[in-house]
Amino acid sequence: MTVSIADFYGRWARVYDTIATLPRVGEWRADAVQSLDLSRGDTVVDMGCGTGANIPYLRDQVGRTGHVVGIDLTPALLEQARIRIERAGWRNVSLVCGDASRPPVSRADAVLGTFVVGLLPDPAGAVELWCQLTDGRIALLDGASSHHPIGRLINPLFGACVTAGVPTDSLGETVGRLLTPTNDRQRLDASIRASRDALASHTTNRRYETFGLGFIGLLSGRSDVY
């Protein structure tokens with residue numbers, strides 16, 4: 001039996017924060033925030049906010065009169081986010097320990113989900129709920145197998161990285177999964193595809209772009225179901 005996502009990411013909170021804030025990853029996050037077309041004073045919800053890596057970019061867009069709400073299921077990750085917020089002295093950021101599949105919010109001007117839908121049991125259902133929270137834009141930034149000519153050659157390595165990030169309760173289980181990393185990669189691809197299909201079904205004015213040899217995709221659109 002594998003450990004919970006909260007327990008797994010809680011163990012590696014500081015390592016996760018280091019990866020989440022790498023310069024190139026930061027560029028992708030900044031692009032995702034730009035795709036939301038935020039205005040000063042807006043309220044934006046960051047689903048699966050983790051250690052708060054998106055918060056600086058979100059605050060830059062909504063300004064001091066706006067509000068950023070970060071939701072995550074892992075207390076240890078939220079603690080890292082709180083440290084980041086306190087050090088910066090931000091007063092318009094709220095953190096909520098909750099499930100992004102059932103977000104404890106009723107309204108927002110925009111919704112962002114970065115590298116989170118692949119962890120959800122029903123990614124399509126979650127995205128549909130997110131679309132119901134706003135009449136603004138929703139953006140999904142995620143990693144999946146690449147269709148780029150060079151990226152295709154690296155897909156097996158990407159699969160191993162995906163497997164290494166799957167919560168397990170033993171080193172033996174992790175090693176066993178690493179022997180067949182394609183399975184985990186295919187499951188992730190299916191989750192990302194389902195979430196993007198859901199977003200496409202419930203939005204207009206969509207935009208899509210890729211980064212990192214096609215491994216990173218950014219899809220955004222304006223909700224038409226609120």
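**Helix pairs, sheet and surface**

Reply: Glu27 and Arg24 both belong to helix α3 (residues 23-34), where they are three residues apart, about one turn of the helix. Their side chains meet in a salt bridge (3.3 Å, N to O). Please note that this is a predicted model.

Me: Is Glu27 buried, partly exposed or exposed?

Reply: Glu27 counts as partly exposed, because its relative accessibility is 45%, and the limits for that class are 20% and 50%.

Me: How many salt bridges are there in the whole structure?

Reply: A search of the whole structure finds eight. One of them joins the side chains of Arg84 and Asp17 (3.1 Å, N to O). That pair links distant parts of the chain, with Arg84 in helix α5 (residues 75-88) and Asp17 in helix α2 (residues 13-20), 67 residues apart.

Me: And are Arg84 and Asp17 buried or exposed?

Reply: Both Arg84 and Asp17 are buried.

Me: What about Asp184 and Arg187, how far apart are they in helix α9?

Reply: They are three residues apart in helix α9 (residues 181-201), so about one helical turn separates them. Asp184 is buried, with a relative accessible area of 5%, whereas Arg187 is partly exposed at 48%.

Me: Which residues are linked in a network of salt bridges?

Reply: Asp37, Arg137 and Arg207 are linked in such a network.

Me: Changing topic: in what order do the strands of the open sheet run?

Reply: The seven strands follow the order β3-β2-β1-β4-β5-β7-β6, and the pairing is mixed. At the edges stand β3 (93-97) and β6 (203-211); each has a single partner strand, so one side of each is left without a neighbour in the sheet. On average, neighbouring strands of this sheet are turned by 15 degrees against each other, direction ignored.

Me: In what sense do β1 and β4 pair, parallel or antiparallel?

Reply: Strand β1 (residues 43-47) and strand β4 (residues 110-114) pair in the parallel sense over four bridges. Asp46 stands opposite Leu112 in β4. Helix α4 (residues 55-62) packs on the sheet and touches β1, β2 (67-72), β3 and β4. The direction of helix α4 makes about 155 degrees with that of β2.

Me: Last one, the surface. Which residues make the nonpolar patch?

Reply: Ile150, Leu153, Ile154, Leu157 and Leu213 make a nonpolar surface patch of about 470 Å². Leu157 is found in helix α7 (residues 149-164) and is exposed, with a relative accessible area of 55%.

Definitions and conventions: Residues are numbered from 1 along each chain as its sequence is written. This is a predicted model: local features need pLDDT of at least 70, side-chain atom pairs count only at pLDDT 80 or more; totals for chains, interfaces and linings use all residues. Side-chain values use heavy atoms; hydrogens and water are left out. Patches are made of residues with over 30% relative accessible area and no salt bridge: like charges are joined within 9 Å, nonpolar side chains (Val, Leu, Ile, Met, Phe, Trp, Tyr) within 5 Å. Accessible areas come from the Shrake-Rupley method with a 1.4 Å probe; for residues, only the protein chains shown count as cover. A salt bridge is a side-chain nitrogen of Lys or Arg within 4 Å of a carboxyl oxygen of Asp or Glu. Helices (H or I, at least four residues) and strands (E, at least two) are DSSP runs, numbered from the N terminus. Buried means under 20% relative accessible area, exposed over 50%, partly exposed in between (1.4 Å probe, protein chains only). Two strands pair if DSSP finds at least two bridges between them. Axes are lines fitted to C-alpha atoms, for helices over the stretch in contact, and angles run from 0 to 180 degrees between N-to-C directions. Contact means heavy atoms within 4.5 Å.
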